[in-house]
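Here is a short note to read alongside the structure. Take the points in order, with the 3D view open beside you.

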Amino acid sequence: MNRFDYVRPDTVAEAVQALGADPGARFIAGGTNLIDLMKYDVERPGRLIDITRLPLRQIEERDGGLRIGALATNATVAYDARVRERYPLLSSAILAGATAQLRNAASTGGNLLQRTRCYYFYDTATPCNKREPGSGCGAIGGVNRIHAIFGASAHCIATHPSDMAVALAALEAVVQVSGPSGERSIPLAEFHRLPGDDPARDTTLAPGEIIVAVDLPPPAFATHYTYLKLRDRLSYAFALVSVAAALELDGTTIRTARLALGGVAHKPWRNAQAEALLQGKPATRETFQAAADLIVAEAKPQSTNGFKIELARRAIVRGLEQAAAGTPQSQSDKRIQ
Amino acid sequence: MTVQFSPAAGHDRFVGRAISRVDGPAKVTGLAKYAGEFTALDLAYGVVVSSAIAKGRITGIDTAAAEAVPGVLKVLTHENRPATSTKPEDYQDAVAPPGAPFQALASDRIAFSGQPVALVVAEDFETARYAAALVRVTYATERPHTDITAQADAAYDPPMKRAGIKPPPEPWGDAAKALEAAEVRVGAEFRMADEHHNPMEPHASTVIVEKDGTYTVYDKVQGVSNTHDYITSAFGLKPEQVRVLNPYLGGGFGSGLRPQYQLFLAMLAARDLRRSVRVTLTRDQMWSFTYRSEAVQIVALGADRSGKLTALRHDAVQGTSQFEDYQEVVVNWSGVLYECDNVALTYSLTKLDTPTPGDMRAPGAVTGVYAIETAMDELAYATGQDPIALRLKNYTERDPTEDKPFGSKALRDCFRQGAERFGWARRDPAPRSMREGRELVGWGMATGIWESMMMQSSAHAVLGADGRLEVGNSTGDLGTGTYTILTQIAADTLGLPMEHVTTKLGDTRLAQAPVAGGSWTAASSGTAVMKACRAIAEQAFKLARGMENSVLANVDFERVVFTNGRIELAGDPGTGIALTEVLRATGTERLEATGDAGPDKDFAQNYEAYTHSAIFAEVKIDEELGQIRCTRIVSAIAAGKILNLKTARSQILGGIVMGIGSALHEESMLDHRIGRFMNHNLGEYHVPVNADIHDIAVIFVDEEDKANPLGVKGLGEIGIVGVAAAIGNAVFHATGQRIRHLPITLDKVIGAD
């Protein structure tokens, strides 16, 4: 771990200014990921800007939806009565991740900005284009059980580890950011990016920008939803495959469908064609299978993660079944409905 | 109970009960200090720089930037390493396998990934850690070989056998021919993952340089004597120049049996700098020494149609390092467990570019019993037998590998009581016959076995004039309850309340005892403590009898009991004298005695000693998604006398949970291209968490054993043995799929790759 300076601004403007002046600076909120990365010598910030004093902890009503402050902890969001009632998919996804202790510390903004758990990214003895651009990708042809099956490149096959972000993608949340050139909104789907030839960049945040809030649009999926997470142990493990499914039904016909996958790509993975295919169809296993087949048709395996394609196909079908039946996956009883 | 642990002096008041651990309050309040927590005014901090490659040579090591950091005291590398003993045998600790033990910073050669290549010592930990990141190492890399399947052809019979590890017995009968002729045959290859111990407490050593130049060493080790002897021989010191302590361990599982490289480095730096040094390894560095290495195993069984075994083969090839021939007992269990006229067992090694593997909880048995007990389940299906009936059909009252009877073997009771508790009789043996909603339900069982051993141990006891007793020796309490059981034994032997007994462990100034491992501590240290306390009892009795107008004047020792702090005539509580009164009246400041215990040679000549268990497992598997939940385990244990039902149960629970991990979760994943374990942290190396653990029932069946006066057989290992087979057999019962490669993860269940 390197030596670093530490500042603690009181306002967003001060925070933005502090970051803009120093390319080696990093914001720190809960620190649940950044501190680990610093201990591994993966992140070597010259300066930490502690943003925990910024007034960004509130969850507020906004345009018929909710605005979640960037510093609201994962636990606060997951257990907020409004979130649980109107956006239970988000609450469920958050509770599927990490541990109670981590959720108590981790912030909403930090959750979106957490780095991949690719083994090679964390291990400075190995090459990694995300950590050290141009050094190569150790995971390709290596130990890649947990790696991407969608949207990977010849430079990087890492996945984004967040559960929360997968639910936010399905809910079409909007990330509010503030930066040197003012404020702007980034739809969640455009917030994380695919690795391409620049895997060092996880998101579309511009230099100097800070997340101030995440907006949830008016709720529509409080009844037919699920967050189904499959992993190598039943808690405190990142998803091999996860499915956030949200439906609106007219009787047994699908009016609207949203589907996002986690653990399979550099970002929460959505497929507009599959969602369109579901629309107007009967909510049956056959329909769900057709959507799943369409999604996994573009999956590409790595050397040891081919199983994730079939697992994803089956998980999509089950997730849609759970959503359609109104029997969302419990995050405490690990039996899958 | 016919075996009284102390028929003349004292009687069971605490022994055999469920008693909370005496060190519990110290642990939960933080008063219990661990090796990396002791300190000194002049303490410096060492941080290890680890090799990025698995094989090759260091071509350059640039320490200038690290040395330039204010506060850095020294950067030790192979280029400036102070001299220590040049004889490889001086680095062979008490449990070392044959070979030349690894020596940190000995040369520019790299023999395994993560090998320490430098130690940065600084005034504070943060400075040392920062400077360690500035050390630049360049390597000439050679291609490592870490894939046991690729190296299996190079397997060899280890020319030197490891002390204490029985090689496979000579074959008997003609297994090949009998297999050929068998009416029913099953046979398959079994694989499992490399596993790392991962005790919660990482390895750490604090070396304190005393004013007189001697060393006080706090080392995370399972036996301080081993560290002591290693340091004195490697550094050429006299025994009295080094004192080693380790009062508590945050888990060991075998990883603390041998002194590890952080100890050597801390000692090296302390001697060089003439000041106290602490070195604590990081969690990822816990993947840079000792592990349970995978064995590729083939088991072939032949039987008649009724299931009676006619042929048994068990062959194992296990990985070891390039520099030591680590060995454990993998295949012998198959020969000990079952009666069969034609048996052939082989065990060989193959060299890998990894650290030397080491003993990990039930070393060898976890591996070998997994294979034989899975194969027995396959035979049960092949012959249409109930798995318990098949095991009873091939049950043996004698150890066929030694042709001696077992000292005790209550395995039939384990089967019966375990099956009853589990509800085994309600099992429909057909695979895929049980289902709850979307989940397939499977019930499986297996046998567990472990050696019951005793080691030469001493213990010392001191009874003070205030009636308080102190007992102890140098063995370690891994967190299993050793402090507690020794306190119980001492209190019962002298008839004292437990609060009046203090047990001290983990200090080379205490009476000599071996490392805590192999499940031998309760029997060995327990007997030694009992004997020391018996000797004090006899001394006290003699004094009491000699007192003026003594009420015990004409009484024999055999007729008194020690109870309530008094020596009393048996059956006549009114006739007696308080121990404090005996010491006061006779002007005795204290009574002291040392007790020695060791294997009973007569017993060993006539009997074989093993603990046994029957494990029953229930799994529920989402048929479509492959998610496995291990919802129930019943483990019935035959391990002689149980000293403390609470700590014993906890120890078995821990073994079972570790067994669940072995079956379903634990896997150190090697990138063979670079010879490196990649998931080297507890986020990605999965051990079971609460959500993975459901109902676990532990039954201790009655078993009388005479190997030692306590009737104790040991519990450290038996809890884990066979658990993976029981779970794997349950997975087969649930799904109809036989998965012979641990851990059983969901991809293997859904059969997609």
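**Notes for a first look**

1. Chain B is divided by its domain assignment into domain 1 (24–31 + 454–598) and domain 2 (403–453 + 605–753); such bounds come from an automatic or database domain assignment. The centres of domain 1 of chain B and domain 2 of chain B, taken over C-alpha atoms, are 37 Å apart. Please keep in mind that this is a predicted model, where local features need pLDDT of at least 70, side-chain atom pairs count only at pLDDT 80 or more, and totals for chains, interfaces and linings use all residues. Residues are numbered from 1 along each chain as its sequence is written, while chains are lettered from A and ligands numbered from 1 in the order in which they are written.

2. Where the two domains meet, 15 residues of domain 1 of chain B and 17 residues of domain 2 of chain B take part in the contact. Two residues are in contact if their C-beta atoms, placed from the backbone, lie within 7 Å. On the domain 1 side, α12 (482–494) and α13 (521–546) of chain B each supply at least two residues, and α13(B) gives the largest share, 5 residues. By class, that side of domain 1 has 7 nonpolar, 8 polar and no charged residues. Here Ala, Val, Leu, Ile, Met, Phe, Trp, Tyr, Cys and Pro count as nonpolar, Asp, Glu, Lys and Arg as charged, and the others, Gly among them, as polar.

3. How many helices and strands are there in chain B? Chain B has 18 helices and 30 strands, which are DSSP runs numbered from the N terminus (helices H or I, at least four residues; strands E, at least two). Its radius of gyration is 27 Å, close to the 27 Å that the globule rule gives for 753 residues, so chain B is as compact as a globular protein of that length. The radius is taken over C-alpha atoms, and the rule is 2.2 Å times the number of residues to the power 0.38.

4. Of the 753 residues in chain B, 60% are buried. A residue is buried if 20 or more other C-beta atoms lie within 10 Å of its own, exposed if 12 or fewer, and partly exposed in between, with C-beta atoms placed from the backbone.

5. Now look at α12(B). After α12(B) comes Gly495(B), with a positive phi near 65°.

6. Chain B also touches chain A, in a contact that takes 32 residues from chain B and 28 residues from chain A. The largest share of the chain B side, 3 residues, comes from α18(B). That side of chain B has 13 nonpolar, 7 polar and 12 charged residues.

7. The largest nonpolar core has 349 residues, and those with the most contacts inside it are Leu89(A), Ala244(A), Val120(B) and Ile727(B). Such a core is a set of buried Ala, Val, Leu, Ile, Met, Phe, Trp, Tyr and Cys residues joined through C-beta atoms within 7 Å. With 13 residues, α13(B) gives the most to this core.

8. Val184(B) has 18 C-beta neighbours inside 10 Å and counts as partly exposed. Its C-alpha atom is separated by 5.7 Å from that of Gly302(B), 118 residues apart along the chain.
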